[in-house]
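Hi everyone, thanks for making time for this.

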Amino acid sequence: MTRDDIAAVQRIESAAYEDAWPARLFEEELSNGFAQYLVAVEESAEPPPAGPITALRRALFGGTHERIVGFMGVWFMVDQLHLVTIAVDPAHQRRGIGTRLLLECFTIASEAELNEIVLEVRESNARARAMYEAFGFRKAGELKDYYKDNHETAIVMLSGALTQSRDRVAGIREALHTAHPGEFEA
Ligand SMILES: CC(C)(COP(=O)(O)OP(=O)(O)OC[C@H]1O[C@@H](n2cnc3c(N)ncnc32)[C@H](O)[C@@H]1OP(=O)(O)O)[C@@H](O)C(=O)NCCC(=O)NCCS
């Protein structure tokens, strides 16, 4: 994610979350040396709105149109990777993009030699919890009154040792490519 992506990211954020972050928070996060933010980009036949950035991308990528369809942010902690945020444009959900982003989270953790991923998720967020559980995340605790908008409890989930989950993650990657042939980069 770069500063040029923030407007598109913020549109997804607002559509995906009721307590959406303002654009300013993404700007701050992009200057946070302990954070990394990624966007999921889809090549599209439909041209994006014209502008200098579009022209530059067209020059760099040979005329393909790109659309941001999701994003993810992580923090590098002492011995864990913290998944801070992940969201997919509602119009593009249930196509494996969340899974592809979460696979990237495991790659980032492993490349940084961090052996565990931690995250918080709203108790009521069954969709996200199902995705995390499929990756082997398990509930480690609760944070009461964590979400200030509705006083909801956060479920803290841990991946367990990544050295133990390599086969599971490899299986998810393979299943994703089988279910969506040619749609995702490796
Ligand atoms: C959670 C989220 C990122 C998943 O993105 P996605 O691209 O739809 O995810 P995928 O298509 O890869 O689906 C992954 C798994 O999530 C679960 N899931 C996703 N959408 C679901 C739904 N509507 N109902 C039930 N389970 C669902 C399923 O387990 C699914 O696996 P399956 O398709 O093999 O059954 C997306 O729903 C989202 O952006 N939600 C709003 C933001 C949010 O809640 N982020 C998490 C904060 S902790």
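Let me start with how elements are assigned: helices (H or I, at least four residues) and strands (E, at least two) are DSSP runs, numbered from the N terminus. On that basis, the protein chain runs α-α-β-α-β-β-α-β-α-β-β-α along the sequence, with six helices and six strands.

Two housekeeping sentences before we go on. This is a predicted model, in which local features need pLDDT of at least 70 and side-chain atom pairs count only at pLDDT 80 or more, while totals for chains, interfaces and linings use all residues. Residues are numbered from 1 along each chain as its sequence is written, and side-chain values use heavy atoms, with hydrogens and water left out.

Now, where does the ligand sit? You'll find the ligand in the largest pocket. A pocket here is an open set of points on a 1 Å grid over the protein atoms alone, where a 1.4 Å probe fits, with protein on both sides within 12 Å along at least five of seven lines; sitting in one means that more than half of the molecule's atoms lie within 2 Å of its grid points.

The elements giving two or more residues to the shell around the ligand are β3 (81–88), α4 (97–111), β4 (117–122) and α5 (126–134). Of these, α5 gives the most, with five residues. There are 20 residues around the ligand, and V88, R94, G98, T99 and N125 come nearest; being near takes a heavy atom within 4 Å.

For polar contacts, I mean pairs of N or O atoms within 3.5 Å; within protein, one must be able to donate a hydrogen and the other to accept it, and residues adjacent in sequence count only if both atoms are side-chain atoms. A ligand nitrogen is 2.8 Å from a polar backbone atom of I86. A ligand oxygen is 2.8 Å from a polar backbone atom of G98, and an oxygen atom of the ligand is 3.2 Å from one of R95.

R94 lies in the loop between β3 and α4 and has a positive phi, near 65 degrees, in a residue other than glycine. Is R94 buried or exposed? R94 is exposed, because its relative accessibility is 86%, and exposed means over 50%, buried under 20%, partly exposed in between (1.4 Å probe, protein chains only).

Finally, H82 in strand β3 is buried, since its relative accessible area is 10%. Its side chain makes a polar contact with the side chain of E120 at 3.2 Å.

Definitions and conventions:
1 Å grid on protein atoms, 1.4 Å probe; cavity = no way out; pocket = protein on both sides within 12 Å on 5 of 7 lines; lining within 4 Å.
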